[in-house]
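Work through the exercises below with the model open beside you, and try each task before reading its solution.

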Amino acid sequence: MAAQKPRAMRSSRGNDFLKLIAHGPIDSSAGSEGLHGAIRVPGDKSISHRSIMLGSIAEGQTRVQGFLQGADALATLEAFRAMGVRIDNAGNDGLVVHGVGLHGLRAPHQPLDLGNSGTSMRLLAGLLAGQHFDSVLKGDSSLSGRPMNRVAAPLREMGARIDTEAEGRPPLHIYGGNALKGISYQMPLASAQVKSCLLLAGLYADGETRVTEPAPTRDHTERMLQGFGYKVRRDGATAIVQGGGRLCGTDIDVPGDISSAAFFLVAASITPGSVLRLEHVGVNPTRTGVIDILQLMGADIELSKHRDVGGEPVADITVRAATLKGIAIPPALVPLAIDEFPVLFIAAACANGETIVSGAEELRVKESDRIQAMVDGLQQLGVQANGTADGAVIRGGAMGVGQAGVSIECHHDHRIAMAFGVAGCRAHCRIAVPGCDNIATSFPNFGELAAAVGMPVNIET
Ligand code: S3P
């Protein structure tokens, strides 16, 4: 895909009330002493979405612990409530989902508003294509600019009827009552959202649905389907489901989100004197690319207390400050760390030498154009960073030298905002990130946990 500047430039809706201020180590005593403590980051966003979706179409109750109370996962939860599923809060991030079975969802009275959440929209598109009723999926202005043909086209091959706006943008109009048939689909890009969408549609299809991925992507859908007693076969790079089975309600313990932990992995790595423990983090091998990349850069990261929690590997992670070096990031690791690139760009800016990111063109169609947004912000801090069509080249160096402060545009993208919060651990100037409200989509207590470990960051109104 060609480099396209406009997406990062387009501001999404989103509230503009909150501003992240990273004070920088210069005027913060905490910064110079490092980050310390033991924390547990909130539940995994991908697993939280799937716990509601599969719990809803299962028979019987599903108890979920450690659910992410972030806006994205809550958008999925509200969508299923709007389709007649009873979901009770059970306190302490616990939920009880009263499943209605594969065919028990009811037509929503209104369009389902999925806010900023691409995962909700793409996975729901698959699930709703197999229903007997019509539905409309819409989102905020960021989500309204994201590509949906990647799911609409293969779903149509399965027999679904879906209308999109121009160029495959949302809203999606999904027409019910169409018989789906299983297909063999070779995904042109490595996307867990596309794979999951088609597997969910496959539950409603006649025959087998086979989805082949060009590179491994997160496999939470396959693991969780098995946890609900639904057989998923794997043949090399192909995941296979047979339609017409049933899911049985189960218990789900959502591990901490490695994508949220990543901000602390980088913050502690780049802040001298740090020793930090992140407890109960999901370390599914399809998600641990960020650890592999940081270790290749020289990071000191240790995993302990490996355990299996409901079919997902979990561990505690200890990270100590280290001198990082620039590397050419192996493209094979890109899909395994796709959400962690904003903060990996900060690690690269603090490393000795050059870091080359390639094979990461998908970053241009996330909640913002993350390549452009990160390159722009790093350049404002005086870092030599240049975007390429599918990545960037970043030369490590001091950030914010001789500057009083910079104000960085996060384009209402949660991970861009938090990444520049982490930059504050090393920048020689104050960094302001206005309009960072969407941090709440994935990591509502980022500010509190950052303060708890001594990161020089505040989130203010
Ligand atoms: C997700 C898959 C990834 C990721 C997103 C969550 C999922 O998207 O970026 O945050 O839960 O399946 P792609 O499938 O577009 O790579």
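**Exercise 1.** Find where Pro171 lies, and name the residue that a cis peptide bond joins to Pro171.

*Solution.* Begin with the strands, which are DSSP runs of E with at least two residues, just as helices are runs of H or I with at least four, both numbered from the N terminus. Pro171 lies in the loop that runs between strand E8 (161-163) and strand E9 (172-175). Next, look at the bond itself: Pro170 and Pro171 are joined by a cis peptide bond, with omega about 0 degrees. The model is a predicted one, in which local features need pLDDT of at least 70 and side-chain atom pairs count only at pLDDT 80 or more, while totals for chains, interfaces and linings use all residues. Residues are numbered from 1 along each chain as its sequence is written, and side-chain values use heavy atoms, with hydrogens and water left out.

**Exercise 2.** Find the strand in which His280 lies, and state what phi is for this residue.

*Solution.* His280 lies in strand E17 (residues 275-282). The phi of His280 is near 60 degrees, which is a positive value in a residue other than glycine.

**Exercise 3.** Name polar side chains that contact the ligand, and explain why the ligand lies between two domains.

*Solution.* First, look for polar contacts (pairs of N or O atoms within 3.5 Å). An N or O atom in the side chain of Ser46 is 2.7 Å from a ligand oxygen atom, a polar side-chain atom of Asp339 lies 2.6 Å from a ligand oxygen atom, and for Lys366 the distance to an oxygen atom of the ligand is 2.7 Å. Then turn to the domains, whose bounds come from an automatic or database domain assignment. The ligand lies between domain 1 (19-43 + 255-460) and domain 2 (45-253) because both give residues to the shell around it.

Technical notes: A polar contact is a pair of N or O atoms within 3.5 Å; within protein, one must be able to donate a hydrogen and the other to accept it, and residues adjacent in sequence count only if both atoms are side-chain atoms.
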